[in-house]
Amino acid sequence: PPGFVESSCHSRIFWMKLNKLLLQGKFFQLEINDPHAGPILLDEKLASRCGYVLSEDVWGNPVFRASVLGCHVANEADELFSLTVNIKVSSFSSMRAAVTYTYPMYCSYSSWASREIVCEENYMEVSVKTDVPAVSNDYTVAWMSALPETQNVAYQLWQLMFVSPSGRKTIMVSDAAKLGYSFNNTLSRVYLRAPYHSNESDVSVVSGVNMNMVTSTSMYRQRWLLLMIDTTVSCPVDGISFTDTTLTWTVPSVIPTLVVQEFTFLSKNILMGVDGQVIVKPEQKNYLLEHNKTHIRITIPIGAEGGKLKSSVSGGVYGVIYSIDLFLEHTWTDADWQTTKYTVIKSITTPFMPQIPTVINNTVPDERLFNVAFGHFLPDVSLVAIAIGNVPFTLREAQHHGFKIFETPFSNRTKGFILEVSFDDPYVLKEYVNRNETKYTLLVNYTISVGPEMTLYYHSAEVECMIADIELPEAVGYCDEENLYLAIPTLGLHQYWNLYLDNKPLNRHVALTNGYLAATNSTHLILQIPLFAVGVVYEEVSFQKIKARFNVALRKVRTMETLQTFSVGCTFNSAAFIICHPDGTIMISAQMKTVPAINMSKTKLRDSSCKPREYNEGHAFFKFHVTTCGTSVRFEGDHIIYENEISYEKETLPGQSIPTITRDPDYRLTVLCYYRAKETLVLGAFSSDPSTSPAFGSGTMVPRSNTAVYRRTRQALNVVSRVAKDESFEEFYEPDMAILKRPVDPVFLEVELKDESPDAELYLENCWVTGSLDFNSTPRWNITVDG
């Protein structure tokens, strides 16, 4: 078919290339078509002995090369050469039903040097001119007419002598063929073809390059004629070095086994070529060809034109391999050989070079779209699948889901893959960070197919982008006569933030426990906080006036960091209240509710020196500490209870000799402050105003009265009390005797009413001890309270 075969002739070598695109999914074989013996299948052993090479170029196209001195080549006067190749193509590995294409090749070559050496991939070949000087007498014509007969029998009479480290070895030509050598002569030349590393070969180092060498002499004997020809050949087997960016091929300029008299050596011409084509100006392709007395050196940049970069995977790592097909042709003269043409053909492949792919984040945050480029790859790489957030997708599934994937060209003939994913995609990780930012994280795992082998390679990447796309809520506060209110937007609550009251989350249970009312609508949470509920801060408390504030902290769900505080504050007019502060300060607004009215300026606490700070006709305002004013303390369950009493300053009726005690007080109000025992009540001085602290305990005012409270008449009673020594109440202490008791010891007190009126009954409520006969004196110590 057209374009299937491409052929050329260069440096006395047939070159044929097959188009791999026309062989995809096919199997092929090559046969050498001998005009006398018929088709001969080309195999590896035949190739090296007969001067054939079957390989691939760097692009994967099958390449066949043959020496014009190779087997089955038709030779006309050592100038015109032809070779016919059969190309068999089949869809089956057994080659059944194969189609055969016969392809003839022609080569014209007449500019033979005295000695020509070819160093191919699988063989070494040397050919030598054998013309004998003419004899100037009458027998010359007869001798020349007999030469063709001599040619016919010469093959049986040639012998080869090899010189190697193991000694000399002389063998017949037929035996040499069994060892893999090929020896023959043409009209004007004798040639020897040898495999690399045969038993008769030797390796020597020339200018740092290992050379494989076969030292041989070809001998022809017939009667009185003895013809001896030097057929030594030497070819480089290494000389390749690499850096990260270049490859270098070094060949010795002078090879001692081929140039005996080095002082007569003269280099005539040096040519380099790529893929069978001579490069006239190497520098135009960034090739560097340089030579000196010892070396010829070719330096090629990795990835240079004429070679091929191929993707590969090694040990789970992606990388590239660079290959290029070079040849070098060096022509020189010396005293022993008029001209030597030395041709080396070398296919060079670099070691595996890791190329870690790069992930380029081209995301524009305002577009809320991840744009990620993944590269750089050679054209032989394709993307076959991705996983987003550990969820696998084929490319078709990814496109159907809404991901955008497309190829993009990069510089240096590479390409990449661009992936676009929306920030709002469910497989994108979202994390609330800082005050008002969201961190979007795209976890992606690429699966790519590498090279013609379609090796799978996996590469994971993590791309992050932060956007200030969260609006912190703003609360609205207001009050009515008895409550404070906070209206807080619910958008983001419990997702990004939680509400906290001090260090406790403000949930429904806490709200109910503290007496708050919580209601929600479509946009807001409305909190109703009673004025005297737990958590209310009293910034200013005075006579019938309370300046109160309620604070709720907005904290991040994960880190508990406080972002802002919602606060509502109002001033209230309250007729009666009790506020218990954590420093032990108690503030009370007591209301006058007696009939008839009493003078509120004459009210007092248990310690009669503790008078109201402010008062009017209907109210009295007290402020005192729990350690003062006769305040008592007791434990009840998990609470500490501080108690005091507001009473009216009683008017007593004078008796005959000793003070008398009146009946019920006209006004008495018990004040209780409850503090949790597990919480600390701070006693002592504050560096700042303690009144701004939130209420710590709860307070209760209990009015104490009966009908007697409202009677203004007073009646003196005759009451006598004694202290017994034990609970038998049989022995009593003397009236003026000092009694010492520990605080935990009981006191056995007897109180007797000496009134003879049948209507009088004794109820004992409060008894206390003072340091003087005046029952209003302080300090005083309670014995019974609310008896």
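Over the ring of which residue does the charged end of Arg 96 sit? In this predicted model, the ring is that of Phe 92, and the charged end of Arg 96 sits 3.7 Å from its centre.

**Aromatic pairs**

A pair of aromatic rings is described by the distance of the centres and the angle of the planes. Searching the whole structure gives 29 aromatic pairs, and two of them are set out in the table.

| Pair | Centre to centre | Angle between planes | Description |
|---|---|---|---|
| Trp 15 and Phe 327 | 6.4 Å | 55° | tilted |
| Phe 423 and Tyr 440 | 4.7 Å | 20° | stacked |

The pair of Trp 15 and Phe 327 counts as tilted because its planes stand at 55°, a value that falls between the limits of 30 degrees for stacked and 60 for edge-to-face. This pair links distant parts of the chain, since Trp 15 belongs to strand 2 (residues 13-18) and Phe 327 to strand 27 (residues 317-333), 312 residues apart. Both Trp 15 and Phe 327 are buried.

Phe 423 and Tyr 440 are likewise both buried. Phe 423 lies in the loop between strand 35 (415-422) and strand 36 (429-433), whereas Tyr 440 is in strand 37 (residues 437-450), 17 residues apart from Phe 423. Beyond these pairs, one aromatic cluster is formed by Tyr 318, Phe 374, Phe 377, Phe 417, Tyr 446 and Tyr 457.

**Enclosed space**

Rolling a probe the size of a water molecule over the atoms shows where empty space is left. The structure holds 2 cavities of 30 Å³ or more, and the second largest cavity contains about 40 Å³ of space. Trp 15 and Phe 327, the two rings of the tilted pair, are among the residues that line this second largest cavity, and the lining also includes Arg 65, Glu 121, Asp 275 and Lys 346. By type, the lining residues divide into 4 nonpolar, 2 polar and 5 charged. Strand 27 and strand 28 (340-349) each supply at least two residues of this lining.

**A hairpin**

Strand 37, which holds Tyr 440, pairs with strand 38 (residues 455-467) in the antiparallel sense over 13 bridges. Within this pairing, Thr 447 has Tyr 458 of strand 38 as its bridge partner. The two strands form a hairpin with 4 residues between them, and Gly 451 in the turn has a positive phi of about 70°.

Definitions and conventions
Residues are numbered from 1 along each chain as its sequence is written. This is a predicted model: local features need pLDDT of at least 70, side-chain atom pairs count only at pLDDT 80 or more; totals for chains, interfaces and linings use all residues. Side-chain values use heavy atoms; hydrogens and water are left out. Rings of Phe, Tyr and Trp (its six-membered ring) pair if their centres lie within 6.5 Å; planes under 30 degrees apart count as stacked, over 60 as edge-to-face and the rest as tilted. Buried means under 20% relative accessible area, exposed over 50%, partly exposed in between (1.4 Å probe, protein chains only). A charge sits over a ring if NZ of Lys or CZ of Arg is within 6 Å of the ring centre and within 35 degrees of the ring normal. On a 1 Å grid over the protein atoms alone, a cavity is a set of points where a 1.4 Å probe fits but cannot get out, and a pocket is an open set with protein on both sides within 12 Å along at least five of seven lines; lining residues have an atom within 4 Å of a point. Grid points are joined across faces, edges and corners, and a volume is the space filled by probe spheres set on the points. Ala, Val, Leu, Ile, Met, Phe, Trp, Tyr, Cys and Pro count as nonpolar, Asp, Glu, Lys and Arg as charged, and the others, Gly among them, as polar. Two strands pair if DSSP finds at least two bridges between them.
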